[in-house]
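Let's take a friendly walk through a protein model, one feature at a time. Have a look at the picture first, then read on.

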Amino acid sequence: MFKDNLLMLRNIHGFSQEEIAEKIGISRQAYAKWENGATVPDIEKCQRLAQVYDTTIDGLLKTEELDGGRIIPPAPKGKNMWGSVTMNERGQIVIPKAARDHFKLNAGQRLILLSEDTAGFALVPAEIFEKKLELMNQAFSSAGE
């Protein structure tokens, strides 16, 4: 819900209600009413909130839940949280349909699995990874000439 997202985002960013209110040009009391669900801002104020919190208006409005009912905070602009997946006994997972559609992934498409020991892993379509690798190799070759 919108009010839950506002509270989460404000806490994540370490702002007081007064600081946020000042950033978007309203009173602290008006902001407090948004956080407690008594009122909602107009679209222009939503845009300012999205800018302050580095998310989108859609991110402010949508609420994503993990298994167990915990709410995921809205993702920063250009980043996405697609929810959770469960790995089966063979190590297989199903990429959520919304993510497959967003990245135009199809059955049989090759993905590169990248990882960082302390942060987990990421999947990148092979054609994108290989293109970036080729560009990087070209940059190194021209720098050496």
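## A bridge across the chain

At 49% relative accessibility, R110 counts as partly exposed (buried means under 20% relative accessible area, exposed over 50%, and partly exposed in between, using a 1.4 Å probe and protein chains only). R110 makes a salt bridge with E130, and the closest N and O atoms are 2.6 Å apart. The term salt bridge means a side-chain nitrogen of Lys or Arg within 4 Å of a carboxyl oxygen of Asp or Glu. This pair ties together distant parts of the chain: R110 sits in the loop between α6 and β3, E130 sits in helix α7 (residues 126–143), and they are 20 residues apart. E130 is partly exposed too, at a relative accessible area of 36%.

## What you're looking at

This is a predicted model, where local features need pLDDT of at least 70, side-chain atom pairs count only at pLDDT 80 or more, and totals for chains, interfaces and linings use all residues. Residues are numbered from 1 along each chain as its sequence is written, and side-chain values use heavy atoms, with hydrogens and water left out.

The pLDDT is the predictor's confidence in each residue, from 0 to 100. The protein chain averages 89, and 97% of the residues score at least 70. Among the chain's elements, α3 has the highest mean pLDDT (96), while strand β1 (residues 64–65) has the lowest (72). Helices (H or I, at least four residues) and strands (E, at least two) are DSSP runs, numbered from the N terminus.

How many salt bridges does a search of the whole structure find? There are 5. One of them joins K97 and D101, with the closest N and O atoms 2.7 Å apart. Both lie in helix α6, 4 residues apart, or about one turn of the helix. K97 is exposed at 51%, whereas D101 is partly exposed at 46%.

Another salt bridge brings the side chains of K62 and D58 together (3.9 Å, N to O). Here K62 is partly exposed at 44%, and D58 is partly exposed at 45%.

## A helix with two sides

Now for helix α2 (residues 17–24), where Q17, I20, A21 and I24 are buried. Looking down the axis of α2, these buried residues fall within an arc of 100°, so they line one face of the helix. (The arc is that of the directions from the helix axis to the C-beta atoms.) On the other side of α2, E18 and E22 are exposed.

The buried residues of α2 pack against α1 (2–13), α3 (28–35) and α4 (43–52).

## The nonpolar core

A nonpolar core is a set of buried Ala, Val, Leu, Ile, Met, Phe, Trp, Tyr and Cys residues joined through side-chain atoms within 4.5 Å. The largest one here has 15 residues, and L6, Y31, W34, L49, Y53 and L60 touch the most other members. α1, α2, α3 and α4 each supply at least two residues of this core.

Leaving aside neighbours within four places in sequence, W34 is in contact (heavy atoms within 4.5 Å) with several residues, including F2, L6, I24, P41 and L49.

Most residues other than glycine have a negative phi. D54, though, has a positive phi near 55°. D54 lies in the loop between α4 and α5 (57–61) and is partly exposed at 38%.

K104 also has a positive phi, about 55°, without being a glycine. K104 lies in the loop between α6 (97–102) and β3 (111–116), and is exposed at 64%.
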